[in-house]
Amino acid sequence: MTEHAESAADELPEPSGTGRVDVVGTAHVSEHSVTEVESAIEESKPDIVAVELDEGRYRQIKGETPDDLDASDLLRGNTVFQFLAYWMLSYIQTRLGDRFDIEPGADMKAGIDTAERLGLGVALVDRDIQTTVQRFWARLTAVEKLKLVGSLAAEMGPPLTVGLTVGAVFGGLFAVVAGAFGGPFIVPAGVLSGVLPGGLGGTVEGLLDTLLLICVVAAGVGIPIAALLVRFRGEADVEEFDMETLTDTDVVSAMMEEFRQFSPGGAEALIDERDAFIAHRLIALREAGYHVLAVVGAGHREGIQGYLDNPETLPPMESLTGTEGGRRFSLYKLVGYGFGVVFLVFFGLLILGGASQAVLLQLFVALVAVNAVLAGGLAKVAGAHWSSAAAAGAFGWLTSLFPLLAAGWFAGYVELRYISVNISDIATLNEILNDQESPVMDLVSRMRAVPLFRLILVVALTNVGSAIASYVVFPVLIPYISSDIGGMQGVSRLLWQGVDEGMQILLGVL
């Protein structure tokens with residue numbers, strides 16, 4: 001969306017020539033703030049009521065159909081995590097609104113409704129929310145991102161239940177991979193052979209060992225996660241606030257300082273930059289001769305007023321717009337490219353070493369088949385349609401060879417033929433998370449029915465399945481596939497031969 005000073009809500013009236021800006025600080029979930037906003041507008045009758053909204057949030061408040069999310073943006077790497085950050089911020093505000101029995105954003109709606117009732121202009125002066133969230137997420141450190149996502153997980157139910165559920169998922173994945181390498185790991189081998197007839201004893205031993213392994217991993221992973229989630233829960237802090245004092249300068253300053261201690265970079269993107277952005281728009285309206293009453297959150301009032309009083313301290317508008325550039329060096333990308341190079345070198349050396357076409361074909365077929373089963377299977381577990389799961393299976397092997405080319409993208413784009421995702425899905429997810437009575441698995445089931453959540457789950461689990469396949473195919477299947485050439489020793493011999501052949505070729509070229 002283009003950042004401009006004019007209102008996207010209504011055409012601005014002719015300026016009165018007053019050239020003045022008054023700022024009203026509100027709590028976005030306070031009934032007292034609604035009354036304060038209505039009274040301030042009726043008493044001052046400004047030319048324009050400026051509200052802390054962008055075009056998208058204005059449309060939501062007006063009850064218009066939310067914009068569909070851009071699928072290409074949503075399926076790209078960090079955008080998923082930016083969505084989580086936006087969801088977390090939205091959820092916090094929703095919980096506050098429920099606690100104090102008022103709809104979030106009621107103060108802004110009161111400003112818009114009162115202005116329209118009195119025939120005044122309305123100006124939207126906040127930065128686009130997508131830009132803000134992207135810059136907010138880019139400024140967070142890895143630890144801060146982990147805490148933010150953990151805080152969202154902490155709201156899904158009792159910490160121990162959530163922790164053990166996550167642990168059980170990891171335990172199941174670990175048991176599959178570990179079982180492919182060997183076992184049993186817990187149940188002694190042969191303990192049931194003399195008790196149960198035929199091969200039934202070994203089968204029962206394997207199943208029992210797998211279940212016990214899942215339980216051990218679930219406890220080992222889940223209990224520490226539960227301990228962390230206990231720290232993330234902050235319900236008591238919310239209950240202590242008196243909404244009539246939430247707009248008090250001292251209370252707001254203390255809250256802002258606490259957030260800055262949590263994330264200085266995040267506070268800069270979420271608070272300081274928006275103070276400057278809003279001030280730029282208000283000053284433009286003031287210089288055009290308008291009398292403006294600005295309705296903003298109490299946390300922004302002091303910063304905006306400071307810029308209004310001292311416009312020369314404003315940072316350039318260009319520094320407040322656009323997306324935040326990522327780091328030039330990315331360990332994730334380095335590992336991804338490195339993984340692809342290793343696979344290509346592996347096959348190249350086998351060819352140079354004299355591996356038969358049959359062995360190479362068997363290796364490739366094994367890679368494709370295992371990816372098809374794991375990537376496609378987990379996509380289906382996530383709730384994907386059969387065609388989406390088929391796409392996950394068909395393209396899963398590409399992720400093994402080139403990790404930056406995620407199979408989840410293919411599955412996600414196919415899934416979008418059947419579902420439509422938009423901003424309103426976030427409100428639906430907030431309602432589900434507010435249900436504190438239902439079991440965790442019931443909450444997860446209901447969340448899977450929300451298109452936006454299911455899409456992200458399909459993409460994520462497809463990529464997990466392909467990643468597991470990468471670790472299973474080569475370490476486990478190579479010894480069986482390459483038995484005709486001497487198993488792993490034969491593969492190693494061919495690899496060394498390939499290295500030697502490659503060196504000879506290189507030296508010959510030089």
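This briefing describes the salt bridges, aromatic contacts, surface patch and annotated spans of the structure above.

The structure is a predicted model, in which local features need pLDDT of at least 70, side-chain atom pairs count only at pLDDT 80 or more, and totals for chains, interfaces and linings use all residues. Residues are numbered from 1 along each chain as its sequence is written, and side-chain values use heavy atoms, with hydrogens and water left out. The structure holds eleven salt bridges, one aromatic pair and a nonpolar surface patch of about 700 Å².

**Salt bridges**

- A salt bridge is a side-chain nitrogen of Lys or Arg within 4 Å of a carboxyl oxygen of Asp or Glu.
- Helices (H or I, at least four residues) and strands (E, at least two) are DSSP runs, numbered from the N terminus.
- Glu-42 is partly exposed at a relative accessible area of 35%, while Arg-117 counts as exposed at 53%. Buried means under 20% relative accessible area, exposed over 50%, and partly exposed in between (1.4 Å probe, protein chains only).
- Arg-127 and Glu-273 meet through their side chains in a salt bridge of 2.9 Å, N to O. Arg-127 lies in the loop between strand 3 (121–124) and helix 6 (129–139), and Glu-273 in helix 12 (residues 264–287), so the pair connects parts 146 residues apart in sequence.
- Both Arg-127 and Glu-273 are buried. These two residues belong to a network of salt bridges that links Arg-127, Arg-135, Arg-139, Glu-268 and Glu-273.
- Arg-454 is bridged to Glu-415, with 3.7 Å between the closest N and O atoms. Arg-454 in helix 20 (residues 451–481) and Glu-415 in helix 17 (residues 407–415) are 39 residues apart, and the pair links distant parts of the chain.
- Arg-454 is buried at 13% relative accessibility, and Glu-415 is buried at 0%.

**Aromatic contacts**

- A pair of aromatic rings is described by the distance of the centres and the angle of the planes.
- Rings of Phe, Tyr and Trp (its six-membered ring) pair if their centres lie within 6.5 Å; planes under 30 degrees apart count as stacked, over 60 as edge-to-face and the rest as tilted.
- By this rule the count is one aromatic pair. The ring centres of Phe-395 and Phe-410 are 4.2 Å apart and the planes are at 10 degrees, so the pair is stacked.
- The pair links Phe-395 in helix 16 (residues 386–401) with Phe-410 in helix 17, 15 residues apart. Phe-395 is partly exposed at 32% relative accessible area, as is Phe-410 at 24%.
- Lys-380 lies over the face of Trp-386, 4.3 Å from the ring centre. A charge sits over a ring if NZ of Lys or CZ of Arg is within 6 Å of the ring centre and within 35 degrees of the ring normal.

**Surface patch**

- Trp-496, Val-499, Met-503, Leu-506, Leu-507 and Leu-510 make the nonpolar surface patch of about 700 Å².
- Patches are made of residues with over 30% relative accessible area and no salt bridge: like charges are joined within 9 Å, nonpolar side chains (Val, Leu, Ile, Met, Phe, Trp, Tyr) within 5 Å. Accessible areas come from the Shrake-Rupley method with a 1.4 Å probe; for residues, only the protein chains shown count as cover.
- Leu-506 is found in helix 21 (residues 487–509) and is partly exposed at 46% relative accessibility.

**Annotated spans**

- The unreviewed UniProt entry gives the annotation "transmembrane region" to residues 162–187, 207–230, 334–353, 359–379, 391–411 and 452–478. UniProt positions are given in the numbering used here, feature names are shortened, and annotations may be inferred rather than shown by experiment.
- Residues 207–230 are 100% helix and 0% strand, with their end C-alpha atoms 33 Å apart.
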